[in-house]
Amino acid sequence: MNNHLLSNRWLIPSGILFYSATLVGILLMTSVITTETINIEVSVPNLFHLEDPLLGHNQSWIKNNWLDEILCLLLCISGLIHGFSAESDEDEYANFLRFQALKWSMVINYTLLTVVSLLIYGFAFWQVILISMFSVLVTFIVWFRISMIQHRRK
Amino acid sequence: MKNNIKVNRAIKKISQDELAKLVGVSRQTINAIENNKYYPSLELGLKLSKILACSVNDLFSLDDESA
């Protein structure tokens, strides 16, 4: 049966990248480190240079710190690879646990987003959207990892 | 759904680990199936019936609630 998973050799390297990027992301969000601590400023094309009163990016080319872009790419790519790489003991029950983790991460995240959208307004909501961009992937991976650890202990 | 894998496995004198290797899954998966925590796919069900030399109907049956 083809379950469309990546090879098991991707599991550990992608995991190291994913957990490291998550940690740096949390440190960045909690202001333990700032974008000034690690400054990777690069000139980048700004495709949608509409009137932007918040950031003032009205030019076609802007100077931008790439730290958050690199983190975003690392989290998304390594997270997808880590979540969908075959386990060393991959079988249909592991695939079932993966599906369950994906289902519950969707349910939890969108339930929280629904509740939060009624309780948080203004700039704080922007933070919520930022967190919810990655929380589906993080919840899915953490849930699946815990399920696999429990499964292997039985 | 109920299953008689444990009984049929005992008749054949096969351990969970041996059965798992024969059908290509982990021992924990066989344990989860035997304890009704997971319903196997049709493919795995057919493999189990072949190894345990019985029909799928002998291995799996609907309980009163499902029937």
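Predicted model: local features only at pLDDT ≥ 70, side-chain atom pairs only at ≥ 80, totals over all residues.
Residues are numbered from 1 along each chain as its sequence is written, with chains lettered from A and ligands numbered from 1 in the order in which they are written.

**Confidence**
- The model scores ipTM 0.86 and pTM 0.86.
- Within chain B, strand β1 (residues 2–3) is lowest, at a mean of 89. Helix α2(B) is highest, at 96.

**Nonpolar core**
- The largest nonpolar core has 24 residues. Such a core is a set of buried Ala, Val, Leu, Ile, Met, Phe, Trp, Tyr and Cys residues joined through C-beta atoms within 7 Å. Buried means 20 or more other C-beta atoms within 10 Å of a residue's own, with C-beta atoms placed from the backbone.
- I141(A), V23(B), V25(B) and L48(B) touch the most other members.
- Helix α4(A) supplies the largest share, five residues.
- Domain 1 (1–86) and domain 2 (88–154) of chain A both contribute, so the core lies between them.

**Contacts**
- Nine residues of chain A are in contact (C-beta atoms, placed from the backbone, within 7 Å) with eleven of chain B.
- On the chain A side, α3(A) gives the most, three residues.
- That side divides into three nonpolar, one polar and five charged residues.

Notes: Buried ≥ 20, exposed ≤ 12 C-beta atoms within 10 Å, placed from the backbone. Helix = DSSP H or I, 4+ residues; strand = E, 2+ residues; numbered from the N terminus. Domains from an automatic or database assignment. Contact = placed C-beta atoms within 7 Å. Nonpolar A, V, L, I, M, F, W, Y, C, P; charged D, E, K, R; others polar. pLDDT = per-residue confidence, 0-100.
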